[in-house]
Amino acid sequence: MGTAGWRDYGDCEDGVMRWVTLLRMRLRTLVARKRVEQELDEELQYHLEREIETGVAEGLDPREAKWAALRKMGCVAQNVEECRDARGWNRMEQLWSDARFGVRQLSRGREFSLLAVVILALGICASVAIFALVDAALLKPLPYREPEKLLSVYERIPQCTYCNISWLDYLDWKAQNTTLAGLELYQGRGHTMNAASGAVMVRGARVSDGFFRLLGVGVALGRDFHGGEDKAGAPRTVILSHGAWQQLYGGDRAVLGRKVVLDRIPRTIVGVLPKEFHFAPVGSAEFWTPFHPETSCDLRRSCHAMYSVGRLKEGVSMEAALANLVSIAKELERQYPATNRNQGANAQLLSEAIIGDTRPVLLLLMGGAGLLLAIAISNVTGLLLVRSEGRRREMAVRSALGASSWRLISQFATESLLLTGAAMAVGCVSAHWVMQMLIGMLPEDMLLRMPYWSDLGWSPRVAGFALAVGAAAAVLCALAPQVQIWGQQVRAGLAEGTRGSTGMVWRNLGSKLAVVEVATAMVLLVGAGLLGKSLYRLMQVKLGFEPGQLVTMEIAAPDAVYGEAAKASELARRVLREVRALPGVRSAGLSANGGLLGHNGNTTWLRIAGRPETEDHLDLPERDVTADFFTTIGARLASGRYFQEGDDASKPPVAIVNQEFVRRFLPNEEPVGKRVTKRADAPIEIVGVVEDVRLGPLNAPIPPVLYVPFHQNADTYFTLVVRADVADEGSLLPVLRETMRRIDGEIVTRREFTLTEWMERTPAAYVQRSTAWLVGGFAGMAMLLALVGLYGVIAYSVGQRRREIGVRMALGAQTGQVYRMVLREAAWLSLLGIGLGSVGAGVLANWARELLFGVSPWDVGVLLGIAGGLALAAQVAGFVPARRASCVDPASVLRME
């Protein structure tokens, strides 16, 4: 039994050793080719000499012995080939030979090779770079435990589908729901922190104690918040982001237990988050603190300033969880009608909440990049077909000398692989550069809301996509020349002037490729045209104020010093006095609860005085502004009066409303003198109506707005708006910043812009502009490639019909007729492509209609303009071949016949 076991082990060992020996031999033939060939020759020579010696020993003459040995051994060359086959050398030798020959062929046609590599590299670069964006935003899983079970939970009101919630409503939802394994709270906020240069604003977030445990995120250093650490009287602690730990503390592991003062409150550092952690809804928060509900807003059920995230229980769907939350919201509305009327619940997957409006933009860009890649591959395929047609005689000679069709296919496949390999290298390097360029184009405030793009670059999925694209391009480019090999009798190419079937094959296939390229270019051009027109409409939207020469900055003063309304009001007056005294300042004003073109969603509940209590309350934005705010921004008064300096806390409450307020709530009534009420507060008299001023995003409708005097509701966080009296209004920003520091070193300034710059940096404008530029770039390259492809088809067709054209001219055809014949072919191909592309463009634009502003997906002007321009460009592309055709000499053609 032991012997049998040993024998089995020996057989296994022999098999392994054979494979190792074979592998060693194969590798040796690759790296030591000359030595292997020499050894093979020496071995065959040795056997031949032994046979000769045997013949001589048997009495043969040495000459006869040699011939006898050669007859016995057979063909030496054949034996050499058999030995090479046994060692696996022939196949590798053929591949190496094909590669060397392919390099020589591509080097000989440098212009063709360079053109093909550049065209293919463009398509690969665009598709890989855009896929990297798609991968980071849509495909890469969120850095949480089971992210597919995480929900973003909101309150819902008629004016807001996904709205923030109040602390007290959150507590009731958390206690009463039966479908969520957990519900936690978060709120993004800024903190002031003292630095060597003075007070600075740092990004932060306050969260309930189980927030990180709900996400399934552990700390990299220290500990998470304890249960109950978010209560009002709990110790003040903080967890650092990995970036803050590195930048502010140099990655010191002894940071735990140190104190950091935020908003004049000392906090103990208890942990550091992992490097890969991010939570897009609060941007790149650096300091994470427990919630500690202590402010007046926190403790009012009517104050909605927080957001929540929940985790589904096992086996519970999002629909079931939402139904449960809606039922709780209805019960809260019944219990608290004064604060919760018309307030429902809503939820969506956290991944959808994080991506937001980015998904359709990315899918549109991915589609554009894919179409450009398709055009690039089609163009290179056409170039390879034309090139293979020029090598018919070469293939015929090689076939006549014994090369099989598979041998020819191998040769062309190797050349295509070399071509696509070079294009892959150039495209991937360019894609990396484009990725960094795209991220550099993102404004900082947008990048903070999209942290998944902060480390954009190569990942396994992006590398796999690039390899898949390269493989697909290599296969398609390798198949193109096979038409030449399989489409005709190759050896017929030896006959001079032979006209095989490949010419017709290329004309049919090439014309179809040209139509596809024109159609694809039409789709991209229409998309770019619609986006460009949409951007124009967006930038021409009526603002209700004059943005030129305006600068704005947000100012935060410490609550510990200016928290009282009287002190905050006095600070605001001092800020305006000192700013107005600066050289180059024409006027200045303040606005709290949001500035111009911002995204602040602060709203208030109103009732029209004298109307029944059964009517629903009005939920609309409130802005607290100083007396000269409207004159500074250039807003026009429709009726009544502006605020006055004396409208402060000692005077009866007054308000100004916009025209949308009047249209919606006071139609056919005189608004000035009307009174509105806020909860149980004293009635507020409307003293004026201003024309609609755009306070929100450029692409959003203007809501009804209530303006109240700043000094009747003073705040420590406000926006300063300055009308400059100098050509370069941006030069005022450093002066204003220094003025604030001179007033109080603890005042923090942020978001400092000129209004024209701010308009261009708004998310809506940025998305429109960047999408239009990218799609426009794709469209421009697609149009160029399509025209090149169309030119190639027409030029090849003219070359194939040269004899026909010569005969026609010999029979009396005029030059104009030849022009018309050639241009007619270009016109038919381009018109067919334009027709197909128009349909495709309309379907695509209808799908992406949410990206358009003030433009119909079937905009006739854009469609006709693009179609006319592309048709004209196609005629220009066909003009050169037409001119060449008109110059054919009939006599030389007839002599050739």
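A charge sits over a ring if NZ of Lys or CZ of Arg is within 6 Å of the ring centre and within 35 degrees of the ring normal. The exercises below use a predicted model.

**Exercise 1. Charges over rings**

Task: Find the ring that Arg-206 lies over, and state the distance from the ring centre. Then do likewise for the charged end of Arg-301.

Solution: 
- Step 1. Start at Arg-206. It lies over the face of Phe-291. The distance from the ring centre is 4.0 Å.
- Step 2. Go to Arg-301. Its charged end sits over the ring of Tyr-336. The distance from the centre of that ring is 3.8 Å.
- Step 3. Check the cut-off. A charge over a ring must be within 6 Å of the ring centre.

**Exercise 2. Two aromatic pairs**

Task: Classify the pair Tyr-186 and Phe-211, then the pair Phe-277 and Trp-288. Are their residues buried or exposed?

Solution: 
- Step 1. Know what to look for. A pair of aromatic rings is described by the distance of the centres and the angle of the planes.
- Step 2. Count the pairs. The structure holds 22 aromatic pairs.
- Step 3. Take Tyr-186 and Phe-211. Their centres are 6.0 Å apart, with 55 degrees between the planes. Planes under 30 degrees apart count as stacked, over 60 as edge-to-face and the rest as tilted. This pair is tilted.
- Step 4. Tyr-186 is in strand S3 (residues 180–195), and Phe-211 is in helix H8 (residues 211–215). They are 25 residues apart, and the pair links distant parts of the chain. Both Tyr-186 and Phe-211 are buried.
- Step 5. Take Phe-277 and Trp-288. Their ring centres are 5.7 Å apart. The planes meet at 65 degrees, so this pair is edge-to-face.
- Step 6. Phe-277 is in the loop between strand S8 (265–272) and strand S9 (287–290), while Trp-288 is in strand S9.
- Step 7. Buried means under 20% relative accessible area. Phe-277 has 12%, so it is buried. Trp-288 has 2%, so it is buried.

**Exercise 3. The largest cavity**

Task: Describe the volume of the largest cavity and the residues that line it. Which helix gives the largest share of the lining?

Solution: 
- Step 1. Recall the idea. Rolling a probe the size of a water molecule over the atoms shows where empty space is left.
- Step 2. Count the cavities. There are five of 30 Å³ or more.
- Step 3. Pick the largest. Its volume is about 150 Å³. It is lined by 15 residues. Closest to its centre are Leu-364, Gly-527, Leu-531, Leu-844 and Ala-845.
- Step 4. Trace the helices. H13 (358–389), H19 (502–539) and H28 (815–847) each supply at least two lining residues. The largest share, six residues, comes from H19.
- Step 5. Sort by class. The lining has 13 nonpolar, two polar and no charged residues.

**Exercise 4. Positive phi**

Task: State phi for His-292 and for Arg-751. Then locate each residue.

Solution: 
- Step 1. Most residues other than glycine have a negative phi.
- Step 2. Read His-292. Its phi is positive, near 50 degrees. His-292 is in the loop between S9 and strand S10 (307–312). Its relative accessible area is 4%, so it is buried.
- Step 3. Read Arg-751. Its phi is positive, about 50 degrees, although it is not a glycine. Arg-751 lies in strand S22 (residues 748–754). Its relative accessibility is 30%, so it counts as partly exposed.

Conventions. Residues numbered from 1 in each chain as written. Predicted model: local features only at pLDDT ≥ 70, side-chain atom pairs only at ≥ 80, totals over all residues. Heavy atoms only, no water. Phe/Tyr/Trp six-rings, centres within 6.5 Å; stacked < 30°, edge-to-face > 60°. Helix = DSSP H or I, 4+ residues; strand = E, 2+ residues; numbered from the N terminus. Buried < 20%, exposed > 50% of the residue type's maximum accessible area, 1.4 Å probe, protein only. 1 Å grid on protein atoms, 1.4 Å probe; cavity = no way out; pocket = protein on both sides within 12 Å on 5 of 7 lines; lining within 4 Å. Points joined across faces, edges and corners; volume = space filled by probe spheres on them. Nonpolar A, V, L, I, M, F, W, Y, C, P; charged D, E, K, R; others polar.
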